Amino acid sequence: MKRDTICVQGGYRPKNGEPRQVPIVQSTTFKYDTSEDMGRLFDLEASGYFYTRLQNPTNDAVAAKICELEGGTAAMLTSSGQAANFYAVLNIAGCGDHVVASAEIYGGTYNLFAVTMKRMGVEFTFVSPDASEEELNAAFRPNTKAMFGETIANPALSVLDIELFAKVAHRHGVPLIVDNTFATPVNCRPFEWGADIVTHSTTKYLDGHGAAVGGCIVDSGKFDWTKHAEKFPGLCTPDESYHGITYTEKFGLGGAYITKATAQLMRDFGSIQSPQNAFILNLGIESLHVRMKKHCENGQRVAEFLSTHPAVEWVRYCGLEGDKYHERAKKYLPDGSCGVVSFGVKGGRKAAETFMKQLKVAAIETHVADARTCCLHPASATHRQMNDEELAAAGVSPELVRYSCGLEDADDLIADLAAALDTIK
Ligand SMILES: *Cc1c(COP(=O)(O)O)cnc(C)c1O
């Protein structure tokens, strides 16, 4: 089926007389006739449900839809995008391991990697998304277990050279994990360019209405863990906490990674998405393909307006001719990128704050990718833990304003921006 049809109908195919809409299975637990029946589930000998922390039919239907959209073999929902990126890395990298990540990533992910996971013994080397092949190669170590980047970085809006990153990762025998939150599978399928694992903050465009925090991990099933078995003992040797199961043997390349993430990480850390949120997420995805067009159209209109305004220092939107990432976007994002535009107002940090106070249609929020237009000054909000050097490396300058175009009429957004910019001219 084509992408638009998967957005609407993917993941859930009701049988005769069953509910047309994905049912919310609001139950923590599931009933069995015999202990033996349940035992087989615990041993991963039979598939089925026993406890919602591990699996739930609503969540599975929605994960299956996202899996189909991305072209993967297995997927799982998590309680947030943070949990998705944490599990995606921790599933293959532990204490004493190393990961290469793009420096231009979401502030929360940067902190997770550079501070919290570092404390857990996982070391990260951050590289520019524009690094050359040699520079990328040089970042690898014998204990490197993964490479990580964002299709379109939040909020720097750089576009990742997925093909190059995948090539380098594979040369070193590790998978490329791509956070595809901003592009969504409507505008980019990282697996088609060689990525091995995709993550999402479903809180953003996939939900699209600012209603439910959530995350998702999708496996392409293409990375051959067994070829690099010495690097990935967790997938290629028996798991004593699961009766000596070897995930790659029992579930094959298509299922090993997600089964391990579910059976170990979700079992032990428990960041499950509630079935109610999964239902809301699914409603959002039903219109994802329609909404992304409008978000991109508004993004383009707003970026074009800002790029000619005298009070605006610079605009970053890969849809703009002459944008640093325009060529890369033509390759990876031919149908559009997203509705988020970053720009700097003249007068720096202070002017940015004054300008934002004047906006009437756009609201100041720590959010993006929602039906309602919103904006944020990262240097004083999401990225405030970073010093100036780290801000620069993350592609966030003090005057940067992140403006997320919603689904309103672009004329209203532009009039609102024009009025606010007038006050700082
Ligand atoms: C928001 C975001 C996250 C974190 O997701 P939450 O759902 O807020 O936990 C991760 N990556 C990107 C690119 C994001 O925009």
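The side chains of E163 and K331 meet in a salt bridge, with 2.5 Å from N to O. This is a predicted model. The protein is divided into two parts: domain 1 covers 3-282 and domain 2 covers 290-422. This briefing starts with the interface of these domains, then turns to a sheet, a second salt bridge and one loop.

**Where the domains meet**

- The count of salt bridges between domain 1 and domain 2 is 3.
- On the domain 1 side, the elements that give two or more residues to the contact with domain 2 are α5 (107-119), α7 (162-171) and α8 (184-187).
- Sorted by class, that side of domain 1 has 19 nonpolar residues, 9 polar ones and 6 charged ones.
- In all, 34 residues of domain 1 are in contact with 37 residues of domain 2.
- Together the two domains bury about 3,100 Å² between them. Carbon and sulfur atoms hold 58% of that area.
- Polar contacts also cross the interface: 19 residue pairs are found, with both residues at pLDDT 80 or more.
- The C-alpha centres of domain 1 and domain 2 lie 29 Å apart.

**An open sheet**

- Strands of a sheet pair through backbone hydrogen bonds, and they can run parallel or antiparallel.
- Here, 5 strands form an open sheet. Their order is β8-β9-β12-β11-β10, and the pairing is mixed.
- The edge strands are β8 (312-316) and β10 (363-364). Each of these pairs on one side only.
- Strand β10 is joined to β11 (residues 374-376) by 2 bridges, and this pair of strands runs parallel.
- Where does A363 find its bridge partner in β11? The partner is C374.

**Salt bridges in the whole structure**

- Side chains of opposite charge can pair when their charged atoms come close.
- The structure holds 15 salt bridges.
- One of them joins the side chains of K145 and D97, at 3.0 Å from N to O.
- This pair links distant parts of the chain, as K145 and D97 are 48 residues apart.
- K145 sits in strand β4 (residues 144-150). D97 sits in the loop between α4 (81-90) and β2 (98-102).

**The loop between β4 and α7**

- Which peptide bond is cis? The bond from N154 to P155 is, with omega near 5 degrees.
- P155 has its place in the loop between β4 and α7.
- L157 is also placed in the loop between β4 and α7.
- L157 is not a glycine, yet it has a positive phi of about 65 degrees.

Conventions
Residues are numbered from 1 along each chain as its sequence is written. This is a predicted model: local features need pLDDT of at least 70, side-chain atom pairs count only at pLDDT 80 or more; totals for chains, interfaces and linings use all residues. Side-chain values use heavy atoms; hydrogens and water are left out. Domain bounds come from an automatic or database domain assignment. Contact means heavy atoms within 4.5 Å. Buried area is the accessible area (1.4 Å probe) that two parts lose on being put together, summed over both. A salt bridge is a side-chain nitrogen of Lys or Arg within 4 Å of a carboxyl oxygen of Asp or Glu. A polar contact is a pair of N or O atoms within 3.5 Å; within protein, one must be able to donate a hydrogen and the other to accept it, and residues adjacent in sequence count only if both atoms are side-chain atoms. Helices (H or I, at least four residues) and strands (E, at least two) are DSSP runs, numbered from the N terminus. Ala, Val, Leu, Ile, Met, Phe, Trp, Tyr, Cys and Pro count as nonpolar, Asp, Glu, Lys and Arg as charged, and the others, Gly among them, as polar. Two strands pair if DSSP finds at least two bridges between them.
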